[in-house]
Amino acid sequence: MSLQCPSCGKDGFKTDTAVARHMSQPRSGCNSWLDELIRLRSHLPPGPLKDDPMESNEEEDDVHFGDTYNSGWDEIPVEEEMPAEVTDYFPGAAKTYGMGYMFLSLFNTDENSVYRKTNLYYPFSCKQDWEIASWLLRSGLSMGKIDSFLSLEMIRDLPLSFRSAKELRGRAEMLPSGPRWMSRVLDTSHPTKSPVILYWRDPLECISAILNHPLFHDQLDFTPRKVYSTVQKLCRVYTEWMTGDDAWNMQSLLPQGATLLGTILSSDKTNISVLTGDRVAHPLLVSLANIRMNTRLKSSKNSFMLTALLPVPKFLHKNKRLRGVLADRLVHQCLDIVLKPLKEAALHGTMLSDPVGQSRYCFTPLASYIVDTPEAMMLACVGGKTSPVTMAMYKQFGDSFRHEPRTASTTLAQISVVRTRADPSDLQAFFREAQKFRLNGVFEPFWWDWVLTDPSHFFTPETLHVLHKEFWDHDAKWLIFAVGESEIDFRFSVLQPVTGVETTKQ
């Protein structure tokens with residue numbers, strides 16, 4: 001017996017499920033029957049109609065749904081309020097030791113602060129002068145275009161304190177600055193096409209500037225905590241970094257009253273130009289894991305600070321693979337130079353001031369290093385097709401169990417064995433021995449002397465290789481194989497568009 005669609009009259013359906021699917025299809029036009037019925041009902045005179053499907057007879061259509069619902073809507077039980085979360089804070093952590101310094105106190109220690117007592121906009125003459133200078137400095141215009149702008153007759157009539165881009169730059173450099181940039185020419189064991197120059201700022205000063213920023217005064221967490229969903233403490237709730245086990249375990253190894261500052265690093269090679277010089281930049285950014293996630297992820301909050309520009313040289317070695325080994329060693333060498341102040345602060349601690357001026361005894365272990373998977377393997381000192389956080393290689397990626405973590409001690413022990421078999425200066429022999437342990441030929445990782453720091457913990461998942469590719473290469477294929485392509489297409493076709501979200505045809 002075939003069934004018929006009550007809207008368009010099409011028959012030949014074997015089950016009521018097939019009819020429901022047909023009526024839910026957006027292209028069939030039958031999914032609007034309820035809207036048409038309601039619109040028709042609004043044009044009819046008031047009062048109940050015979051056999052009106054919109055009206056229900058309480059005596060005839062008294063429906064019971066088990067023991068939860070009775071004869072009316074008034075007896076629907078109200079959902080009980082969920083119990084509040086329970087939080088355990090780490091005892092004796094994040095104490096303050098008097099008043100330190102605030103942002104404005106540093107601002108007023110500038111050599112030109114005496115002139116700002118009479119002119120708030122010094123070294124500019126007035127507010128209008130400062131507004132034009134601020135716009136030009138933030139516009140991204142070259143010095144030549146700024147000179148052309150300042151040479152316009154209308155602009156020349158304005159009482160500006162500068163008449164050229166050079167004068168504007170000179171006055172801007174008189175303003176209080178952040179951490180100063182430094183540079184060093186590095187010597188390499190093998191020749192390069194151009195000199196290797198490292199540009200960097202003291203990362204501890206960058207951390208201090210972020211910690212002391214007044215906009216973060218209510219967005220910082222200093223005490224590790226464990227959050228539970230109920231008073232029975234059976235289910236943990238993980239939100240911020242301070243609610244995790246790493247923060248709690250690190251705090252337990254610090255002195256009493258110390259403040260844990262989780263350092264976040266992020267780096268990625270960026271092609272600046274391809275056909276005009278083949279320029280590549282490798283910026284290194286630093287931030288704090290103590291800043292709450294919803295604030296740290298907003299680019300407008302400037303919670304990440306550029307602390308270094310790592311060199312990307314071209315080594316003049318005939319072997320392409322060994323050129324890669326030399327480049328990997330250079331990155332670790334540069335990171336070791338740049339991050340030395342943070343390593344010392346993580347070992348001995350340092351006194352820093354928070355946004356409200358309270359002085360804290362701070363330690364700076366590495367909490368997270370945000371990189372893509374190829375760079376994570378390079379920083380973990382492992383070769384290609386090898387996990388940077390576990391001991392698994394590519395042939396074991398499909399195993400049903402989790403392999404043991406690749407800890408810092410494990411990698412350093414393997415490097416120590418390789419160094420007993422080959423001299424690191426003998427590049428080819430050392431790399432050959434390192435490949436036996438699936439290492440990349442780096443003999444001094446930047447993290448080897450950074451206390452409370454382990455590659456199996458600070459490498460966090462990133463969106464492209466962990467979420468996007470994992471879904472499309474594994475989850476999506478498994479679902480299509482399990483339920484079939486037609487079923488997946490049908491389920492997507494009946495999804496209603498979400499109001500306020502733009503959808504694309506692809």
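Helices here are DSSP runs of H or I with at least four residues, strands are runs of E with at least two, and both are numbered from the N terminus. This is a predicted model, in which local features need pLDDT of at least 70 and side-chain atom pairs count only at pLDDT 80 or more, while totals for chains, interfaces and linings use all residues. Residues are numbered from 1 along each chain as its sequence is written, and side-chain values use heavy atoms, with hydrogens and water left out.

**View 1. Thr453 sits in a loop between two helices.** Look for α15 (427-435) and α16 (455-458); Thr453 is in the loop that lies between them. Thr453 counts as buried because its relative accessibility is 9% (buried means under 20% relative accessible area, exposed over 50%, partly exposed in between, with a 1.4 Å probe and protein chains only). Setting aside residues up to four places away in sequence, Thr453 touches Pro365, Leu366, Ala408, Trp447 and Phe458 (a contact means heavy atoms within 4.5 Å).

**View 2. Gln358 belongs to strand β15.** The strand covers residues 358-363. With a relative accessibility of 29%, Gln358 counts as partly exposed. Now find Tyr97: it is 261 residues from Gln358 along the chain, yet their C-alpha atoms are separated by 6.9 Å. Beyond its neighbours within four places in sequence, Gln358 has contacts that include Thr96, Gly98, Met99 and Gly100, plus Leu352 and Ser353.

**View 3. Here is the largest nonpolar core, with 57 residues.** Such a core is a set of buried Ala, Val, Leu, Ile, Met, Phe, Trp, Tyr and Cys residues joined through side-chain atoms within 4.5 Å. Leu335, Leu339, Tyr369, Leu379 and Phe446 have the most contacts inside this core. Helix α11 (residues 320-338) gives the most to this core, nine residues in total. Apart from this core lies another one, of eleven residues, among them Trp241, Met250, Leu260 and Phe363.

**View 4. Zoom in on Phe446 and its contacts.**

View 5. The structure holds zero disulfides, a disulfide being a pair of cysteine sulfur atoms within 2.5 Å.
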